[in-house]
Amino acid sequence: LFFLAYGELAGAHDRMYFYGFDHTDARLKLSDDAIQSTRRLRPDSGETHLVFAQHLYWAHQDYDRAREELGIARKSLPNESRIPLLSGYIDRRQGHWERSLEEIKQALELDPRNLSILQQISFTYQTLRRYKETAATLDKVLAIAPTDVTSKARRAWIELQWRSDPKPLHITIERLLAQDPSAGAVFFDHWLELALSERDAAAAEQALAAMPTGGCYDENIPFPNSWCKGRVASLRGDKPAARAAFADARTELEQIVRDQPDYAAALCAIGVVDAALGNKEDAIREGERAVELMPPEKSAIDGAMLMQYLAVIYTWTGDKDRAIERLTEAVNLPGNHITYGHLRLNPFWDPLRGDPRFEKIVTSLAPK
């Protein structure tokens with residue numbers, strides 16, 4: 001029992017560290033200590049090698065060593081679905097997208113009613129902009145769990161990204177809130193993006209009221225909640241409130257970056273905030289440093305997201321040429337959130353609208 005508990009504890013610490021909720025050396029040490037306890041209790045166990053592989057993936061992004069540990073674990077755990085699942089995660093990070101899909105599907109064959117695995121298949125299809133397969137996979141999720149709020153919201157959100165059609169998400173959000181007014185915290189991110197995309201300040205305020213702690217994160221980029229508050233204030237035209245919120249966000253991020261100067265995701269976030277505040281030179285330096293620390297070659301997902309936000313930084317600091325260059329690069333990298341709906345509707349890109357080069361990129365992503 002202690003052995004299994006240590007493994008679960010390590011996993012919890014790993015995810016808090018990876019997703020940026022507590023990306024500190026102290027959290028990493030707690031995870032490392034829990035892993036050492038599992039290795040001390042059962043050093044040769046296949047489960048130990050699997051847990052260690054997960055730790056190497058989440059906490060250290062050491063994909064090659066994680067794959068080696070999975071190979072050892074597989075010998076004694078041939079039917080363990082978490083092994084091909086983690087192998088798929090690794091391949092996804094290393095840019096081997098088709099192989100990743102195959103491995104995650106192998107995991108599903110071993111555990112066919114596992115909603116989490118189905119969700120991962122849908123995420124991978126979405127990243128590849130294979131929206132028909134994304135939608136079909138989410139429909140399978142909903143056939144198994146017809147009341148799952150997250151999947152319902154995401155299924156409608158796909159239509160916004162794929163076809164730039166907000167209606168399904170509108171209808172879904174209205175129905176979900178009618179059934180449970182507190183459900184907005186679950187799909188806050190989709191709700192806020194819809195409101196911002198439609199320039200609907202009242203709806204954005206409603207979404208903001210539902211925002212949970214840590215709700216403003218974009219994947220593992222740790223935007224403080226005050227960043228989202230600033231975006232909503234900007235939408236309603238309240239420049240002093242927006243600037244105050246962005247300044248709060250910068251103060252919070254500044255402490256993180258001071259303690260961890262090579263934390264790429266936090267550097268990206270503070271770069272975007274600096275761009276919003278008009279700190280042009282700082283914003284560009286921080287955004288470029290983030291991409292330098294975590295290029296797409298190092299992590300296909302994280303690197304693509306950072307490249308996307310570097311394009312945002314250039315856009316907001318008035319450098320249209322470099323914004324278009326970085327956006328063109330990012331569009332060709334699976335792993336980010338650049339979609340037809342996102343480029344066509346999101347206020348991030350308003351300074352580029354009307355530029356033929358930007359409009360060409362938008363058109364290239366339109367559904368065929």
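Student: In this structure, are Trp58 and Tyr89 buried or exposed?
Tutor: Keep in mind that this is a predicted model. Buried means under 20% relative accessible area. Trp58 falls in that class, and Tyr89 does too. For both, the word is buried.

Student: How many aromatic pairs does the whole structure hold?
Tutor: Ring centres must lie within 6.5 Å to pair. A search of the whole structure applies that test, and the count is 17.

Student: What kind of pair do Trp58 and Tyr89 make?
Tutor: Their ring centres are 6.2 Å apart. Their planes meet at 80 degrees. Planes over 60 degrees apart set the class, so this pair is edge-to-face.

Student: Which helices does the pair of Trp58 and Tyr89 tie together?
Tutor: Trp58 lies within residues 46-60, and Tyr89 within residues 82-93. The parts joined are 31 residues apart in sequence. The helices are H3 and H5.

Student: What kind of pair do Tyr131 and Trp162 make?
Tutor: Here the centres are 5.8 Å apart, and the planes are at 25 degrees. The cut-off is under 30 degrees. So this pair is stacked.

Student: Which helices hold Tyr131 and Trp162?
Tutor: Tyr131 belongs to the helix of residues 131-144, which is H8. Trp162 is in another named helix, so the pair ties together parts 31 residues apart in sequence. The two are H8 and H9.

Student: Is Trp162 buried or exposed?
Tutor: Its relative accessible area is 11%. The limit is under 20%, so Trp162 is buried.

Student: Which charged residue sits over the ring of Trp162?
Tutor: Look for a charged end above the ring. One is 3.7 Å from the ring centre. It belongs to Arg163.

Student: Which residues have the most contacts inside the largest nonpolar core?
Tutor: This core has 81 residues. Helix H15, residues 264-277, gives the most to this core, with eleven residues. The residues with the most contacts inside the core are Ile221, Trp227, Tyr309, Leu327, Leu343 and Trp349.

Student: How many residues are in the second core?
Tutor: This core is separate. Leu56, Tyr63, Ala73 and Leu85 are among its members. Its size is 29 residues.

Student: Which residue of opposite charge has the side chain nearest to Arg231?
Tutor: Arg231 lies in helix H13. Arg231 is buried yet has no salt bridge. A salt bridge needs a nitrogen and a carboxyl oxygen within 4 Å. The nearest side chain of opposite charge is 7.3 Å away, and it is Glu193.

Student: How many residues of helix H11 are buried?
Tutor: H11 covers residues 188-197 and is mostly covered. Its buried residues include Trp191, Glu193 and Leu196. They pack against several helices, among them H9, H10 and H13.

Student: What is the phi of Arg199?
Tutor: Arg199 is found in the loop between H11 and H12. With a relative accessible area of 36%, Arg199 is partly exposed. Although it is not a glycine, Arg199 has a positive phi of about 55 degrees.

Student: Where is Gln61 found?
Tutor: Gln61 is not a glycine, yet its phi is positive, about 50 degrees. At 29% relative accessibility, Gln61 counts as partly exposed. Its place is the loop between H3 and helix H4.

Terms used. Residues are numbered from 1 along each chain as its sequence is written. This is a predicted model: local features need pLDDT of at least 70, side-chain atom pairs count only at pLDDT 80 or more; totals for chains, interfaces and linings use all residues. Side-chain values use heavy atoms; hydrogens and water are left out. Buried means under 20% relative accessible area, exposed over 50%, partly exposed in between (1.4 Å probe, protein chains only). Helices (H or I, at least four residues) and strands (E, at least two) are DSSP runs, numbered from the N terminus. Contact means heavy atoms within 4.5 Å. Rings of Phe, Tyr and Trp (its six-membered ring) pair if their centres lie within 6.5 Å; planes under 30 degrees apart count as stacked, over 60 as edge-to-face and the rest as tilted. A charge sits over a ring if NZ of Lys or CZ of Arg is within 6 Å of the ring centre and within 35 degrees of the ring normal. A nonpolar core is a set of buried Ala, Val, Leu, Ile, Met, Phe, Trp, Tyr and Cys residues joined through side-chain atoms within 4.5 Å. Lys and Arg count as positive and Asp and Glu as negative; His and the chain ends are not counted.
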